[in-house]
Structures are given as structure tokens and as C-alpha cells.
Amino acid sequence: MKSNQEPARRVKGVRDILPEEAAVWRDVEQTARKVFSLYGFQEIRIPIFEKTEVFVRSIGETSDIVEKEMYTFTDRGGESLTLRPEGTASVVRAYVENRMDNLAGVQKLYYTGPMFRAERPQAGRFRQFHQIGAEVFGTENPAIDAELIVMLMDFFGALEVEGLKVSLNSLGCPQCRPMYREALAGFLKKNMESLCADCQRRVERNPMRALDCKSAGCKSTVSGAPSLENYLCQSCRESLDGVKKPLFDLKIPIVIDPGLVRGLDYYSRTAFEVTSGQLGAQNAVAGGGRYDTLVEQFGGPPTPAIGFALGMERLVSLLKQPGKVTAPDIYLIAIQPEAESRIFELGHRLRAEGYCVDRG
Ligand code: HAM
């Protein structure tokens with residue numbers, strides 16, 4: 001029968017993950033659980049929405065995410081809520097709220113699930129996308145930063161993903177970054193007319209945003225800007241060296257990229273990104289860094305922390321293995337209607353014995 005209804009369509013920028021691809025996602029998630037548990041990580045499950053302020057105060061009011069990409073709504077009680085655009089803010093909120101700082105030792109947590117950003121959809125960029133993330137609380141030892149990067153590369157290695165590049169930088173700390181911000185803001189003010197409207201607006205409040213602005217004018221202007229590298233304090237330099245050394249020792253190919261700044265404001269010191277040449281414009285498969293002051297900002301005790309998140313859609317597009325859907329071991333067909341109750345009962349028994357049974 002022909003329907004005159006228009007077929008229902010999904011919302012722009014979201015995807016359906018059909019069974020064959022879902023099988024690949026399951027393998028990827030299982031591999032993450034296996035590899036991460038070898039490094040002592042435990043799973044945390046965080047809500048899909050939070051009070052809006054959780055994201056605003058951590059990701060930063062002048063970040064693209066907060067300024068233009070959040071799915072924010074007012075609930076029936078008049079409270080402003082937001083679909084999570086990333087996981088770190090929620091994990092920090094959960095860490096503080098559940099007094100996880102009282103637990104013994106360093107806390108290592110991972111999470112998986114959908115995130116929501118109202119970005120302009122394009123290849124590799126979605127409005128609902130999925131991350132696997134990992135966060136470590138309670139140590140500023142740079143060896144942990146290195147170990148986290150090694151864990152991420154072990155995970156990619158277990159999935160046989162090749163040709164990845166790891167870029168590393170230090171974003172400075174509350175001691176040295178203000179001096180750099182001032183120098184950068186001074187430079188940008190002198191070149192105001194070549195900046196895009198967004199960056200002109202942000203020069204006072206967040207000049208570092210101009211460093212990863214995609215507009216051509218900003219890109220060419222910031223190529224002549226002062227470099228944060230020259231402003232790092234002694235302890236930031238030592239910390240960066242402490243991250244680099246174990247990675248060099250393990251022959252993990254990293255590139256020091258002084259131009260690497262992240263799109264979220266909570267970072268200090270270590271920042272890193274893993275990119276692939278096979279992904280086109282949206283080439284970052286994973287990104288992360290230290291956020292040593294965020295737990296305190298959320299009302300917890302001073303607690304250094306670091307983490308990363310990887311994008312499932314981008315990762316899955318790099319995998320070579322097609323997904324395998326489960327095929328039945330046994331197929332039952334009732335040729336006569338009287339046999340219907342027999343195959344129902346037989347199917348039930350065989351499944352209890354562990355067979356995958358399908359039926360006509
Ligand atoms: P992020 O760099 O915003 O960092 O996102 C991490 C990864 O999520 C990206 O490298 C990319 O693979 C994927 N991703 C981001 N946006 C999209 C999108 N619109 N469509 C598809 N994939 C996307 C964070 O989210 C931080 N929370 C990472 C972190 C954890 N830092 C410390 N701990």
C-alpha cells in the first residue's frame with residue numbers, strides 16, 4: 001500500500017548507527033575497556049544533561065562551544081539545562097559532588113557516550129557525536145601525562161589504526177600565562193583590522209582564542225604573534241620536559257607544536273591532540289590536556305587533573321575491519337500452522353542452551 005506521508009527524517013547533523021556499524025562500535029568500546037583497565041581506569045557514567053552553568057564556567061564563556069554551540073533549554077521548573085557538549089565538566093562536577101577526593105590514591109575514570117554541539121555539520125563533524133574519554137585526578141606528575149598518551153596510542157594500536165600524529169604543547173599555568181596573554185593582547189590590538197569580528201570582540205577577554213581561529217586574516221596575523229613557548233615559567237618547562245622524555249624513550253612519535261591551543265578554556269600546561277591525515281578538514285581524532293584548577297573552580301580541594309577524549313565517528317571511519325553482524329546458528333520454520341507452537345517452544349529451549357536461533 002502506498003503511503004502519501006513524507007518519510008520521517010532525522011535531525012540535521014545526527015546519524016543512525018545501523019547494525020553492521022554498531023558491531024564495530026561495540027568492538028571499539030570493548031577494546032577501550034580492556035586497554036584502559038590495564039592502566040587502572042574505572043568506568044563512570046555521567047548524566048547527558050547538566051545545569052548550564054556547569055559547562056559555562058568550565059569550558060569558558062568566550063569559547064565557541066559556550067558562545068554558539070550549546071543545546072540549552074529551560075525545563076518545566078524554569079531551570080536552564082544543557083545537553084552535554086563534552087564529558088570533562090560533568091566528570092569534574094561528579095568528582096567534587098561525590099567527594100571522590102576522599103578516596104585513597106589517584107582516581108582514574110573513563111566514560112563513553114553521546115555529546116551535543118550545534119556546529120555546522122560537515123564530514124566528520126556532527127551535532128550528536130560520541131566520545132570515549134578518560135580523566136585522572138590527583139597527580140601533577142608529568143609521567144602520568146605521558147602514560148595517558150601512551151594508553152591512547154596503545155588503544156589505537158590495538159585497533160590497528162595507523163598514520164596518527166601526536167602534537168604536544170604546554171599552555172602555561174596561572175603564574176606565567178597572564179604575562180603571555182598581555183603580550184598577545186597587545187600584539188592583537190595593534191593588528192585589530194586584520195582580525196575577524198569574533199576575535200576583535202575577544203581580544204580583551206580571551207586573546208588566546210585568536211590562536212586557533214580558522215579565518216584567513218586571523219591565521220596570517222597570529223603567525224607573527226609572540227609565542228607562548230617564550231613565556232613559560234621554569235616549572236611549566238620542567239613539566240613539559242617530564243612529559244616528553246618518557247614518550248621519546250618509548251619512541252612514541254610526537255611533534256612539539258607551539259601553535260597548539262585547545263578550544264576549551266580550562267586547560268593549563270600539557271595540551272595534546274592526535275590527528276590523522278585521512279580525515280580531511282576535521283582531522284583530530286582525540287584531544288586532551290591538564291586542567292589543574294578546574295576541581296577547585298567547582299568547589300573541590302586543589303586537585304591537579306588531566307584527561308582526553310576521542311571522537312568515535314572519526315575513529316570508526318579510520319578502521320579497516322568491516323563490522324560483523326551476528327548470524328543465527330539455527331533457523332526454524334513452521335511449514336504447517338500446527339507446528340507454530342512447537343518451533344516457539346523449540347526456539348526457547350535452544351536459546352537457553354546458548355544457540356542463536358532465528359525463525360520464519
Ligand atoms: P575536544 O577536542 O573538544 O575535547 O573533543 C575531543 C574529540 O571529540 C575531538 O578530537 C573529535 O574527535 C571529537 N569531536 C569533537 N567535536 C566533534 C563533532 N562536532 N563531531 C564529531 N566529533 C567531534 C574535549 O571534548 C575535551 N573534553 C577532552 C578532554 C578530556 N580534555 C581533558 N579531558
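This is a predicted model: local features need pLDDT of at least 70, side-chain atom pairs count only at pLDDT 80 or more; totals for chains, interfaces and linings use all residues.

Visitor: How many bridges join strand 3 to strand 4?
Guide: Three, and the two strands run antiparallel. In that pairing, Thr 72 sits opposite Thr 82 of strand 4.

Visitor: Which residues of helix 2 are buried?
Guide: Helix 2 spans residues 52-59, and the buried ones are Thr 52, Val 54, Phe 55, Ser 58 and Ile 59.

Visitor: Why are they on the same side of the helix?
Guide: They cover an arc of only 165° around the axis, which puts them on the same side of helix 2.

Visitor: And what covers them?
Guide: The cover includes strand 2 (49-51), strand 3 (72-74) and strand 4 (80-83). Helix 3 (64-69), helix 4 (88-97) and helix 10 (294-297) are also part of that cover.

Visitor: Tell me about helix 4. At what angle does helix 2 pack against it?
Guide: About 110°, with the axes 9 Å apart. That makes helix 2 roughly perpendicular to helix 4.

Visitor: Which residues make the contact?
Guide: From helix 2, Val 54, Phe 55 and Ser 58. From helix 4, Ala 89, Ser 90 and Arg 93. By type, the contact of helix 2 with helix 4 has three nonpolar residues, two polar and one charged.

Visitor: What follows helix 2?
Guide: Gly 60 does, and its phi is positive, near 110°.

Visitor: New topic: strand 11. How many of its residues are buried?
Guide: Seven of the seven, across residues 305-311. So strand 11 is largely enclosed by the rest of the structure.

Visitor: Which residues point which way?
Guide: Ala 305, Gly 307, Ala 309 and Gly 311 point one way from strand 11. Ile 306, Phe 308 and Leu 310 point the other way. Residues of both sets are buried.

Visitor: Which strands does strand 11 pair with?
Guide: One is strand 6 (residues 128-137), antiparallel over seven bridges. There, Val 136 has Ile 306 as its bridge partner. Another is strand 10 (residues 284-290), also antiparallel, over five bridges. In that pairing, Gly 288 is bridged to Phe 308.

Visitor: Zooming out, how many helices and strands are in the chain?
Guide: The protein chain has 12 helices and 13 strands.

Visitor: What box do the C-alpha atoms fill?
Guide: Roughly 85 × 55 × 45 Å, taken along the principal axes.

Visitor: What share of the residues counts as buried?
Guide: Of the 360 residues in the protein chain, 48% do.

Visitor: Last one. What share of the contacts comes from residues 24 or more positions apart?
Guide: Among contacts with a separation of 6 or more, the share is 72%.

Note on methods
Residues are numbered from 1 along each chain as its sequence is written. Side-chain values use heavy atoms; hydrogens and water are left out. Buried means under 20% relative accessible area, exposed over 50%, partly exposed in between (1.4 Å probe, protein chains only). Helices (H or I, at least four residues) and strands (E, at least two) are DSSP runs, numbered from the N terminus. The arc is that of the directions from the helix axis to the C-beta atoms. Contact means heavy atoms within 4.5 Å. Two strands pair if DSSP finds at least two bridges between them. Axes are lines fitted to C-alpha atoms, for helices over the stretch in contact, and angles run from 0 to 180 degrees between N-to-C directions. Angles under 35 degrees count as roughly parallel, over 145 as roughly antiparallel, 65 to 115 as roughly perpendicular and the rest as oblique. Ala, Val, Leu, Ile, Met, Phe, Trp, Tyr, Cys and Pro count as nonpolar, Asp, Glu, Lys and Arg as charged, and the others, Gly among them, as polar.
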